Amino acid sequence: MLSQVYRCGFQPFNQHLLPWVQCTTVSRSHCIQPSVIRHVRSWSNIPFITVPLSRTHGKSFAHRGELKHAKRIVVKLGSAVVTRGDECGLALGRLASIVEQVSVLQNQGREMMLVTSGAVAFGKQRLRHEILLSQSVRQALHSGQNQLKEMAIPVLEARACAAAGQSGLMALYEAMFTQYSICAAQILVTNLDFHDEQKRRNLNGTLHELLRMNIVPIVNTNDAVVPPAEPNSDLQGVISVKDNDSLAARLAVEMKTDLLIVLSDVEGLFDSPPGSDDAKLIDIFYPGDQQSVTFGTKSRVGMGGMEAKVKAALWALQGGTSVVIANGTHPKVSGHVITDIVEGKKVGTFFSEVKPAGPTVEQQGEMARSGGRMLATLEPEQRAEIIHHLADLLTDQRDEILLANKKDLEEAEGRLAAPLLKRLSLSTSKLNSLAIGLRQIAASSQDSVGRVLRRTRIAKNLELEQVTVPIGVLLVIFESRPDCLPQVSLAIASGNGLLLKGGKEAAHSNRILHLLTQEALSIHGVKEAVQLVNTREEVEDLCRLDKMIDLIIPRGSSQLVRDIQKAAKGIPVMGHSEGICHMYVDSEASVDKVTRLVRDSKCEYPAACNALETLLIHRDLLRTPLFDQIIDMLRVEQVKIHAGPKFASYLTFSPSEVKSLRTEYGDLELCIEVVDNVQDAIDHIHKYGSSHTDVIVTENEDTAEFFLQHVDSACVFWNASTRFADGYRFGLGAEVGISTSRIHARGPVGLEGLLTTKWLLRGKDHVVSDFSEHGSLKYLHENLPVPQRNTN
């Protein structure tokens, strides 16, 4: 049974002037007092989370990321959120999810308030039930059973529905909040409660007292007595309470709240009515942008439409309260929409008074798309000229680049680990290598876009071609890797638009390298094809832009790649989450080769994804001079050794036993394990490897070929360092990453990996019906010669 509902008066206030207040409790015999509330919250099963919530109210938050600091929050539930699709009765599952989110935030130490609709819908359900029951009894007595189907339900007056539904709605909220050991209080208001100074002070005091006692106020217009809304009745600096949108805005400003969340049945504010052609969700809305929006009709239920919500939101924003309008009905997001907003995630439309100097990431995506299409239409020689010019700029502006990189290194000192600092560092030799790679790409990419792969004669005068085309817009996310940025030449050569999101630790380096890239692109008027994202967008938010991004390429730690693969919704991710590279030293390995290969693979650049992480030794090599030479070399290079389980069992005093055989160290650390033969090595690689790069060292050609054919990795080498797994070293000019995927591109991804294909069909008034059983034409399907590729 639901616990009872009590009316509570608070002594400091003139009770006959108070709005209607009800306090819902977890006790059936006592109205809850502050001491009881403290006791209830102490045994709450939802953990408290320490959040720095102290904030001086005055200005609204400028960015979404600041919303996590919101202390006092109003959540407005629109009629479409609270009610079922038939507008008769409540959406109980949705309400339960909203109450859970509000409870979680309340138990984090925030002050939550609800402005809710739903009394009319709940009352309509109850009154319809009563009317149907009454009519069925009367008609069964007087007219017979056959006429029951023809019963008509009269139009129900909204005020009567509100009066019948208000108590039931509150009892429902009470039962739900009780599950989280939270007390709630109902407050019914009308416009007069805000326009009468004494009543407004009483309302303000009541709300503050409830918040002080950790009670969640649930506020609603008193629809049982409220008069019809008067159009255009707003006073200067005041918004009239005509609906729950204006009520929520007025309440938020009166109570100096940090955040107002308005939940409706649409994703947010669109530039034109949702569902219309070319309607786009507005991520951030600024005062003065109203002229760029075309409003549609109001929602299926409730008093206000989107225009009313925007008006209320702007009024609240002017009063110092941040506002987000979002969808509270979508089944995939409603279970976490409120908490996502408070965490600063890109949900709905955020209202901000601070307009950024540059374009939004959505606008950058559109510019990259249009710029990429223009880039793809250039002649191959023009794209090559752009890349040559960028290579020249890297060498001509070397001093400026290194000075910017020095600033990044100084700011990162003490904050980044040594391997990341090494990745962050640029040098003259790195820039020279990049310039050489760019010129290789320019020379080898002459016929990359538009190359004919296949020609088929379908029928007489009907010919089909398959040609290479750019993928579209690429999002490259990289951390501590400014040398990734000049590799945009691959995107330029393949005619792709590009969005770049670099780590803030490389901000100075990224900025100058991007400026040089745009300078090179400008020689043929395609400057906008490459965009550097400088806004505060989180990576997770970028991964949701599935309508403007066609491929994501992460460049960074294995954790970054895993996070992006998890966050990407509907966008393919090219890359590998880990680079656990193995080297198997066979019993027939050359003594002279082994130490050179191990040293180069492990010690040349241990932070690279193609560095050696696990050394597999044939058991016959233990306690031999070859094995001793390997250990001595690793000791000289200061490599920390971790013993695998089998290796540890052979030793009386062994190095620290490895915690996991599936570890990418990224530093001067190496796991050594013992295997019985080549098949045992292959089985180990398949079980613990990451399908990146694996090597065999042996003089037995048959054993080597067996290893090459049976290891299922992107790169498999014989008597060569793992560090050769690189696009530049493969002769690709550069790479955008190494992929361990099974489809599209695999291994170092160069120019070919950034292309897809399309089909071109040239005919002369051909229709499918001509090829039917009784048609005049027959399919030929003849293979035609393909133009030879220019390899010069």
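1. Helix H19 (residues 558-567) lies across S13 and S16, at about 160 degrees to S16. Here helices (H or I, at least four residues) and strands (E, at least two) are DSSP runs, numbered from the N terminus. Axes are lines fitted to C-alpha atoms, for helices over the stretch in contact, with angles from 0 to 180 degrees between N-to-C directions.

2. A quick caveat: this is a predicted model, where local features need pLDDT of at least 70, side-chain atom pairs count only at pLDDT 80 or more, and totals for chains, interfaces and linings use all residues. Residues are numbered from 1 along each chain as its sequence is written, and side-chain values use heavy atoms, leaving out hydrogens and water.

3. The sheet itself is open, with four strands in the order S15-S14-S13-S16 and parallel pairing (two strands pair if DSSP finds at least two bridges between them). S15 (530-532) and S16 (551-555) are the edge strands, each with a single partner, so one side of each has no neighbour in the sheet. On average, neighbouring strands are turned by 20 degrees against each other, direction ignored.

4. Looking at one pair, S14 (residues 497-502) is joined to S15 by three bridges. Leu-499 sits opposite Gln-531 in S15.

5. Helix H11 (residues 361-377) lies across S13 (473-478), S14 and S15, running at about 140 degrees to S14.

6. Elsewhere, the axes of H13 (residues 398-412) and H15 (residues 428-444) come within 11 Å and cross at roughly 125 degrees. The contact (heavy atoms within 4.5 Å) uses Arg-398, Ile-401 and Leu-402 of H13, and Thr-428, Leu-431 and Asn-432 of H15.
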